[in-house]
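Please walk through this structure one region at a time.

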Amino acid sequence: MNTLPPPRLRAVASRPGGGPARFLALAAIAIASCALVACTAASPASEISTSAGTPTVSPSSRISPAKPSTPLNTPLRGVTLETLDDIDATVAVIGESTQELTVRVVFDPDTPLAEYTHAIEELDPVAQIMMQIADSSELADLSAADVTARTEAAIAAFGEHVDIWEIGNEVNGAWAGSSPEEINPKVTAAYNAVVAHGGRTALTLNYWQSPRCYEHDWEATLDYAATIDLDVDFVFLSVYETACSPVQQPTATELADTLNELGTLFPRAGLGIGEVGAQGTEDGLPKDPTAQEKTTIAERYYGMNEDLRDAVGERFVGGYFWWYYYQDAVQAGDSDSLRETLDRLTGSL
C-alpha cells in the first residue's frame, strides 16, 4: 500500500486565463478572505436558495478544512454511494471489507446536508472518502455561483472528513451542458472553493472509444480535457460499455493510452478509473442487467488493474468506483448480491 501526502497549497486561480474563470477565482478568494478576517465566532448554518431552486446551507463563519491531515492510501479501492438509504447497514458492510475502501459519495441536492454530515462521519473511521460535489446530470441546472455555495456548504459541514473532492463528473457529456464554455466555469468554481481550503481535487471524464459514443465534437475525451486548465490532483475516466452504440469494450491498452495522454495534459495528477457499472432501465436501456452481467463487467475492469498499473506507471492510482454499490452489495438478496465479488475485486488491487 502506498501513501500520497496531503496536497500542496496552490494558487486559487486556474493557470493562464481570464474572463469568467478569473472572475470566479477572485470570488473564491473573497470568500476565503471573509472566512479568515471577518468572522471570529462560529454561527449556526442557515439555508439559502440557489438559482436552480436547490436549497443548500451557507457555511458557518469558522474556518473549515477541505481535507484531513493524514496521507491518502493508494491504490484507491473504490465504490460509489449514490444514495444514503440504510446508511448504517451500508457502513457496516463497508467496514467489513477485506481492504480499506475509498467511498465516493454523490451529493444529491434533494437530500438534507445534515444527512450527509451523519453519513460522512460514520464512514470516516472505516473508509477513505471522495465527495462528488455535483453529478453530471445535475450540473446543467446549476450556475457557477450555485456550485461555489454548494461546495462551501459541504466543506463547512464535514470537510475535515473528506479525502478527495470530485469537482466535476463526466463533464464531457451533453447532459452536463452545451459546451466547455458553459461547463468549465462551474468546474473551476468547485476547484477554487476546494483549493482555497487546501483540499485534494479530482476530475472525471467520460471515456469515449470513438465518435459513435457522443453527439458533439467537443465531447471527445482528450479534446475536452485540453480545454480544462486546472492543477487537479487526480484525473479519472468513467467507462460504460452501453454508453456507446454499438457497445464499447475498451482494452486495458486503450484505456492506458488515454490515461497517459491525460497525464501529459495534467502533469501532476494521479490517474485512474473513476466509475464503472452496469446500466439498466434507469439509464434508458430496455432491460436491467442480470447479476452475472454485472459480475462480468466488474471483473473486466477491476481485473485490468495490474495491466493498467504496468502501462501507466506509478501515477496510476486504481479507483473504479462501482456505481450502485448500495443496491448491488447491501440491498440485493443473496442470489443477486455482488458483495463478495466486489470485496474480492477491491481486495485484489
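Helix α10 packs through its buried residues against α8 (252–265), β11 (270–276), α9 (291–302) and β12 (316–322). Contact here means heavy atoms within 4.5 Å, and helices (H or I, at least four residues) and strands (E, at least two) are DSSP runs, numbered from the N terminus. The model is predicted: local features need pLDDT of at least 70, side-chain atom pairs count only at pLDDT 80 or more, and totals for chains, interfaces and linings use all residues. Residues are numbered from 1 along each chain as its sequence is written, and side-chain values use heavy atoms, with hydrogens and water left out.

The helix itself spans residues 305–312, and its buried residues are Asn305, Leu308 and Val312. These residues lie on the same side of α10 because they cover an arc of only 65 degrees around the axis, the arc being that of the directions from the helix axis to the C-beta atoms. An α-helix has 3.6 residues a turn, so residues three or four places apart point the same way. Glu306 and Asp310, on the other side of α10, are exposed. Buried means under 20% relative accessible area, exposed over 50%, and partly exposed in between (1.4 Å probe, protein chains only). After α10 comes Gly313, with a positive phi near 95 degrees.

The largest nonpolar core has 82 residues, and Trp165 and Tyr302 have the most contacts inside it. Helix α6 (residues 180–196) gives the most to this core, with seven residues. Such a core is a set of buried Ala, Val, Leu, Ile, Met, Phe, Trp, Tyr and Cys residues joined through side-chain atoms within 4.5 Å. A second, separate core of nine residues includes Met130, Ile164, Phe236 and Val317. Leaving aside neighbours within four places in sequence, Trp165 touches residues including Met131, Ile133, Phe158 and Val194.

The structure holds one disulfide, defined as a pair of cysteine sulfur atoms within 2.5 Å. Cys213 is joined to Cys244, with an S to S distance of 1.9 Å. The pair links distant parts of the chain, 31 residues apart: Cys213 is in the loop between β9 and α7, and Cys244 in the loop between β10 (234–239) and α8. The torsion about the S-S bond of Cys213 and Cys244 is about 110 degrees, so this disulfide is right-handed. Both cysteines, Cys213 and Cys244, are buried.

Ser210 also lies in the loop between β9 (201–206) and α7 (221–225). Ser210 counts as buried because its relative accessibility is 18%. The C-alpha atoms of Ser210 and Cys244 are separated by 8.5 Å, although the two residues are 34 residues apart along the chain.
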